[in-house]
Amino acid sequence: MAAHRPEGPPKLLGVVAEYETPTALVHAAEKVRDAGFQHWDTYTPFPIHGIDPAMGIRPTRLPWIVLCAGLTGLTTAALLQWWTNAVDYPWVISGKPFLSIPASVPVYFELTVLFSALTALGAMIVINGLPEPHHPLDLKERFGRATDDRFFLYIQARDPKFDESATRALLESTHPEDLDDVMEDQSSPAGLPRPLVIGLAALVCAAIVPFVLFVQARQTMTDQPRIHMVPDMDFQLKYKTQKASAFFADGRTVRPQEPATIAVGQLDEDEHLHHGRVEGEYARTFPSALPVDEAAMKRGQTQYDIFCAPCHGLSGAGDGIVSRRAQDKEQSMWVPPTNLTQGYLRRMPVGQMYELIGKGVRNMPAYGPQISIEDRWRIVLYVRALQRAGNATIEDVPAAERGGLN
Amino acid sequence: MAAVAQPGATTVVQQSAGGNPWAGPPEGENVFGMITQNVSRLTEAKPPRAWYVAFAIALALLTMFGLSLAYLFYTGIGVWGNMVPVAWCFDIVNFVFWVGIGHAGTLISAILYLLRQDWRTAINRAAEAMTIFAVVCAAIFPGIHIGRPWLPYWMFPIPNQMGMWPQFRSPLEWDVFAVGTYATVSLLFWYMGMIPDFATFRDRSTTKIRRIAYGIVAMGWRGSSRQWHRYERAYLLLAALATPLVLSVHSVVSFDFATSQLPGWHTTIFPPYFVAGAIFGGFAMVVTLLVPARQFFGLKYIITLRHIELMTKVILGTGMLVGYAYGMEFFIAWYSGSLYEGFTFINRLFGPYAWAYWTMIFCNVVAPQIFWSRKMRRNVWVAFAVGVIVNVGMWFERFVIIGTSLARDFLPSSWGYYVPTPTDYTTLGGSFGLFFTLFLLFCRYLPTVAMAEVKAIMPEAHVQHGHGGAH
C-alpha cells in the first residue's frame with residue numbers, strides 16, 4: 001500500500017501528561033477544567049470516582065435512550081402477541097380469551113428487558129465512538145499503561161485555548177510524572193493484516209451458503225424420499241391398524257371381533273335410542289328414554305357449540321371459524337359445511353341426523369367416538385331449534401316482545 | 001473494604017512446587033500493576049500441566065456428548081429411557097438443572113452490584129462466564145428433546161408458509177422468551193464487563209496475533225473518562241435490567257410445571273422455590289469452580305478466603321430457603337385436602353423413588369448445615385466438597401419433581417417406573433464436558449477477573465481531597 005505521505009514536519013496534535021495516582025490526575029483535571037479547555041480527556045485503567053465533576057462531564061442521555069428502547073420492546077411484545085394470537089391466527093386455547101393480558105405478561109417483560117439491554121450496550125458503543133481502531137496516543141509507548149496502572153491527561157491542539165508553551169506550563173504545574181508532545185502519525189496507516197481480511201471474507205461467503213440452500217430448497221422439487229432424522233419418531237415400534245403383523249396367523253394387526261361377543265357397554269340393543277330407527281325406518285321422534293326438556297336443549301346447545309359450531313357456525317348457517325379461515329386462505333379443496341337450516345334438513349328425520357352425527361356423512365367426519373349417544377340426540381334437538389330460529393317469522397315472536405324488534 | 005490482600009500484608013507466599021507459571025505472587029510497581037499482572041499472566045504464560053490434564057478430560061467428555069447426540073439423531077428419542085407415563089425425564093431435568101446453575105452469575109453481577117457489595121468484583125467475571133456456559137448447556141436440551149430437532153424455529157414468531165404463529169398463552173413459549181432473553185442479556189453483560197480488560201490484554205500483548213485478536217474485541221477502548229462515564233451508566237442500567245430478569249427466568253421455567261395439573265407440579269410456591277434453588281445451586285457451582293481455580297491458577301491474591309466464606313453463607317441461607325420450600329410443599333399437600341397431592345408427597349418419601357428423595361434431602365438440607373461453623377466456612381476444601389454435594393442434590397431435586405410426579409399420577413393402572421438408559425447418562429455426563437471445556441478455555445484466554453473493577457475498589461483508587469498532587 002503506497003500511501004500518500006504528507007509533506008513537511010509532523011503536526012503537533014496536543015500534549016499528554018502522565019500521573020501516578022488518581023488523586024494527582026483529579027487535581028490536574030480540575031485545573032484544566034478551570035482553564036476553560038474543551039477538547040481534552042483523561043485516560044485511566046478504571047473509572048475514577050469524582051473525575052466527572054473534576055472534568056465537568058455532564059450526565060449522559062443514555063438512560064433516556066434506553067427508556068425509549070424499553071417502551072418499544074413493550075409495545076412490540078403487546079402488538080406481536082395481539083396480532084399473532086388474536087387477529088391473524090385466532091387460536092382457541094381451552095376457551096381462553098384471544099387477547100388475555102395475564103398470559104401475555106411474561107413476554108411483555110422479556111421483550112422490554114431484551115430491547116433495553118441491547119440498546120444500553122449498543123448506545124454506549126455508538127455514543128462513545130467505538131470501535132476506534134486508531135488514536136494519536138497509540139504512538140506513545142507509555143500510553144499502553146493507561147489500561148494498566150497509570151493515569152493520563154491529553155489536551156488537543158485544536159482546542160481554541162491551546163497554546164503550546166502556556167498549556168505545557170499549565171500541565172507542568174500539576175507535577176506530572178511525564179509530559180510529552182503528541183505528533184501526527186506520518187507512517188502510512190496500517191491496514192488490516194491480509195490473512196485476517198481473507199479470513200473474514202471467507203466467513204462472510206460461508207455465511208451466505210445456508211441461505212442459498214434454503215432458497216434452492218424452497219424453489220425446487222425432488223423425487224427422493226425425505227431424509228429421516230430421528231427415525232424412531234417416524235417409524236415407531238408399535239402396531240398400526242392397517243399394517244401387516246408377523247405375529248398373528250392371519251397376518252392382520254387389527255384383530256377381528258370374536259364371533260358372538262359384545263364389548264362392554266356396546267350392547268346397543270335399543271333400536272330407537274342407539275340406531276335412530278323404528279321398525280327399520282329413520283325415527284321421526286325422540287327416544288322415550290330421553291326427556292325432551294329445557295335441560296336437554298341447554299346441554300344440546302353447549303355440545304353443539306363445542307363440536308359443530310367450528311364448522312357449521314353458531315347459528316347453523318355454515319359459517320364456522322374453520323370454514324371462514326379455509327375460505328380466507330382460498331383452499332380449493334375445501335367443501336363448505338352445509339347450512340343446517342335449509343329445507344331438506346328441516347324435513348330430515350331426527351333419527352337420520354342422529355345417525356349422521358355418529359357416523360359422519362360424505363366429507364364430514366364421524367363424531368360418534370367423541371360425543372355420547374345421549375348428547376348426539378340433544379344436539380339434534382338443538383339443531384331443530386336452530387332450524388326453527390333460522391326460518392322464523394314475526395309470528396314466532398311472543399306478542400309482548402315484538403315491539404322491541406324493528 | 002479491599003478485595004485484594006494488601007501487597008505488604010499478603011501472607012508469606014509459598015512459591016508453589018513444579019514452577020507453575022500461573023502461581024506465585026504477582027509482580028508490579030504498584031497494586032494496580034499487580035492486579036494486571038496476576039490476571040494477565042494466566043493468558044500470557046504457558047499453563048501448568050494440571051490445565052492440560054483437566055482440558056483433556058473435559059474434551060473427552062465433550063466427545064462423549066457429541067457421540068451421544070449423534071446416536072440420538074441417528075436413532076431417535078427411543079435411545080433414552082423416557083416412556084409413557086414418564087415422557088419428560090433426563091432431558092428436562094438436565095435443562096432445569098443447567099438453567100438453575102446459570103443464575104448465580106448474573107445474580108452476583110447484577111444484584112450484588114446494585115446492593116453495592118464490593119466483594120463481588122473478585123468473582124463476578126468467573127461467575128458470569130459460568131452462567132453463559134451453563135445456559136449454553138441448558139439450551140441444548142429443549143432443542144434435542146423436541147423429537148424433530150430440525151424444527152425448533154417453530155418456537156419463534158417467524159412468518160411462515162403455514163400461516164401459523166406460536167402460541168403465546170403457553171408457558172413453554174414463555175420459556176423460549178425468558179431463556180432467550182436471559183442468555184442474550186447475560187452475554188451482553190459479560191462482554192461489556194470484559195471490554196476494558198480486553199484493552200489491558202491488548203496493550204500488554206507481545207505478539208501480533210494477540211494484539212489483533214484482543215484489539216478487535218476491545219473495540220479501541222483506551223480508558224477515556226468521557227467514555228467511562230457512559231460505560232458506567234450503561235453498566236448500571238444493564239444491572240438494573242438483569243436483576244428482575246434473573247428472578248423471572250426460573251419463575252418462568254417453574255411455570256412449565258406449575259401451570260399444569262399434575263399433582264406435585266401444580267403449586268403456587270414453585271416460582272420462589274425454583275429461584276431460591278437456582279441461586280443455591282448456582283453459588284454451589286461457583287464455589288466448586290473457583291476453589292480449584294484459585295488454588296491452581298494463582299488467584300489466591302484476588303479471590304480470598306473472605307470471598308469463599310461469603311459464598312458459603314449464601315449457600316447456607318438459600319439452602320434453608322429450599323428446605324423451607326420442601327416442608328411447605330408437604331403442608332400444602334395436606335392442607336389442600338386433595339387425595340392426589342397427598343399421595344404424591346407420601347409417595348416421594350416412601351415410594352419407589354424414595355432413594356432419590358432422601359439423597360436430595362441429605363445433599364440440599366443436611367449437608368450445608370456444616371457452614372454454621374466458621375472454621376468450616378473458611379476451609380476451602382470443605383466448601384468445595386459441599387459445593388459438589390449441593391450440585392448433586394440440586395440435580396436430584398429436579399429429578400424428584402419431574403420423575404416421581406410423572407411416574408405415579410392419578411390412575412394407578414397407568415403408573416410406571418422410569419429407568420434411564422446408558423445414553424441418558426452419557427448425555428448428562430457429556431454436558432459437563434461441554435461446560436468444563438468452555439470454562440477451561442475461558443480461564444486460558446479471557447480475563448478471569450474483572451481487573452478494572454477490582455482496581456476501582458482498592459483504597460489506592462480513592463481520590464484524596466484537601467492536599468495537592470501525589471508529590
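## Close-up views of a predicted model

**View 1. Two partners, about one helical turn apart.** A:Asp375 and A:Arg378 are three residues apart in helix H14 (residues 373–390) of chain A, so about one helical turn separates them. Before we go on, please keep in mind that this is a predicted model. The side chains of A:Asp375 and A:Arg378 meet in a salt bridge, with 2.8 Å from N to O. As a general idea, side chains of opposite charge can pair when their charged atoms come close.

**View 2. A salt bridge that crosses between chains.** Over all chains, the structure holds 27 salt bridges. The pair in this view is B:Arg222 and A:Asp138, whose closest N and O atoms are 2.9 Å apart. Where do the two residues sit? B:Arg222 belongs to the loop between helix H7 (208–218) and helix H8 (225–258) of chain B, and A:Asp138 to the loop between H4 and E3 of chain A. B:Arg222 counts as buried because its relative accessibility is 5%, and buried means under 20%. A:Asp138, at 36% relative accessibility, counts as partly exposed.

View 3. A:Asp149 forms a salt bridge with A:Arg145, and their closest N and O atoms are 2.9 Å apart. A:Asp149 is buried, at 2% relative accessible area, while A:Arg145 counts as partly exposed, at 25% relative accessibility. Look also for A:Glu18, A:Arg142, A:Arg150, A:Glu177 and A:Asp178: salt bridges link these residues in a network.

**View 4. An open sheet of four strands.** In what order do the strands of this sheet in chain A lie? The order is E2-E3-E1-E4, and the pairing is antiparallel. Strand E2 (40–43) and strand E4 (178–183) of chain A are the edge strands, each pairing on one side only. On average, neighbouring strands of this sheet are turned by 20° against each other, with direction ignored. Helix H5 (residues 164–172) of chain A packs on the sheet, where it touches strand E1 (12–19), E3 and E4 of chain A. The direction of helix H5 makes about 10° with that of E1(A). In general, strands of a sheet pair through backbone hydrogen bonds, either parallel or antiparallel.

**View 5. Strand E1 and its two partners.** How many bridges join E1(A) to E3(A)? There are six, and the two strands run antiparallel. In this pairing, A:Val15 stands opposite A:Ile155, and A:Val16 has A:Tyr154 as its bridge partner. E1(A) also pairs with E4(A) in the antiparallel sense, over six bridges. Here you can find A:Gly14 opposite A:Val182. E1(A) is mostly covered, as seven of its eight residues are buried.

View 6. Which residue of E3(A) stands opposite A:Trp40? A:Ile155 takes that place, and A:Ile155 also stands opposite A:Val15. Like E1(A), E3(A) is mostly covered: five of the six residues of E3(A) are buried.

**View 7. A nonpolar patch on the surface.** This view turns to a patch of nonpolar residues, among them A:Trp82, A:Trp83, A:Phe98 and A:Trp334, with about 1,000 Å² of accessible area together for the whole patch. Helix H3 (62–88), helix H4 (101–127) and helix H11 (321–328) of chain A each give two or more residues to the patch. Which element gives the most? H3(A) does, with four residues. A:Ile101 is partly exposed, with a relative accessible area of 46%.

Methods
Residues numbered from 1 in each chain as written. Chains lettered and ligands numbered in written order. Predicted model: local features only at pLDDT ≥ 70, side-chain atom pairs only at ≥ 80, totals over all residues. Heavy atoms only, no water. Patch = residues over 30% accessible without salt bridge, like charges linked within 9 Å, V, L, I, M, F, W, Y side chains within 5 Å. Areas by Shrake-Rupley, 256 points an atom, 1.4 Å probe, with all protein chains shown as cover. Salt bridge = Lys/Arg side-chain N within 4 Å of Asp/Glu carboxyl O. Buried < 20%, exposed > 50% of the residue type's maximum accessible area, 1.4 Å probe, protein only. Pairing = 2+ DSSP bridges. Axes fitted to C-alpha atoms, helices over the stretch in contact; angles between N-to-C directions. Contact = heavy atoms within 4.5 Å.
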